[in-house]
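Here are a few exercises to work through with the model open beside you. Grab a viewer and try each task before you read its solution.

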Amino acid sequence: MRYKFLANVIMVVHFAWIALLIVGTVFIVDAAHRWYIPWHLTILSGTLIVNLILGSCPLTVWEEKLRKKTDPVANLNNSFLATYINSLVGIKMSEGLLFWITLIIKSASYVISILLLTIFKQ
């Protein structure tokens, strides 16, 4: 029971982290929120570096390990998004497609952040 609770906590934190990255990109487009751009870049950079070094998100790995302790046949496919898009919406997406979609979104967010930081510094 403790493992399931911890896995659920990690899942909620993971959803919140993804929301922070996505909403942060939308948030910084408004000139009134330019103060957040360096924070957003720091969060985004850290996320990208961790993903590049480890090859995946550690939150996904931790959640999968905890879920397997309560259900040995549980399979998150090493993809948080693929698992929850399938279970919440019923759409099966390949890990490869999701990798490219998230890479494009993260890269676009990074470029937008850098451009806005450059524009607002002038």
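**Exercise 1. Work out how exposed Lys68 is, then find its salt-bridge partner.**

Step 1: Lys68 has a relative accessible area of 35%, so it counts as partly exposed. On this scale, buried means under 20% relative accessible area, exposed means over 50%, and partly exposed is in between (1.4 Å probe, protein chains only).

Step 2: Its partner is Glu64, and the closest N and O atoms are 3.7 Å apart. A salt bridge here is a side-chain nitrogen of Lys or Arg within 4 Å of a carboxyl oxygen of Asp or Glu.

Step 3: Now check Glu64: at a relative accessible area of 10%, Glu64 is buried.

Step 4: Glu64 and Lys68 both sit in helix 3, four residues apart, about one turn of the helix. Helices (H or I, at least four residues) are DSSP runs, numbered from the N terminus.

A word on the ground rules: this is a predicted model, where local features need pLDDT of at least 70, side-chain atom pairs count only at pLDDT 80 or more, and totals for chains, interfaces and linings use all residues. Residues are numbered from 1 along each chain as its sequence is written, and side-chain values use heavy atoms, with hydrogens and water left out.

**Exercise 2. How many salt bridges does a search of the whole structure find?**

Step 1: The search turns up two.

Step 2: Besides the Glu64 and Lys68 pair, the side chains of Arg67 and Glu63 meet at 3.0 Å, N to O.

Step 3: Arg67 and Glu63 also belong to helix 3 (residues 58–70), four residues apart, and both are buried.

**Exercise 3. Describe how helix 1 and helix 2 pack.**

Step 1: Their axes are 10 Å apart, at an angle of about 140°. Axes are lines fitted to C-alpha atoms, for helices over the stretch in contact, and angles run from 0 to 180 degrees between N-to-C directions.

**Exercise 4. Which residues make up the largest nonpolar core?**

Step 1: There are eight: Leu21, Ile28, Tyr36, Ile37, Leu41, Ile43, Leu44 and Leu116. Such a core is a set of buried Ala, Val, Leu, Ile, Met, Phe, Trp, Tyr and Cys residues joined through side-chain atoms within 4.5 Å.

Step 2: Helix 2 supplies the largest share, four residues.

How values were computed. Helix = DSSP H or I, 4+ residues; strand = E, 2+ residues; numbered from the N terminus.
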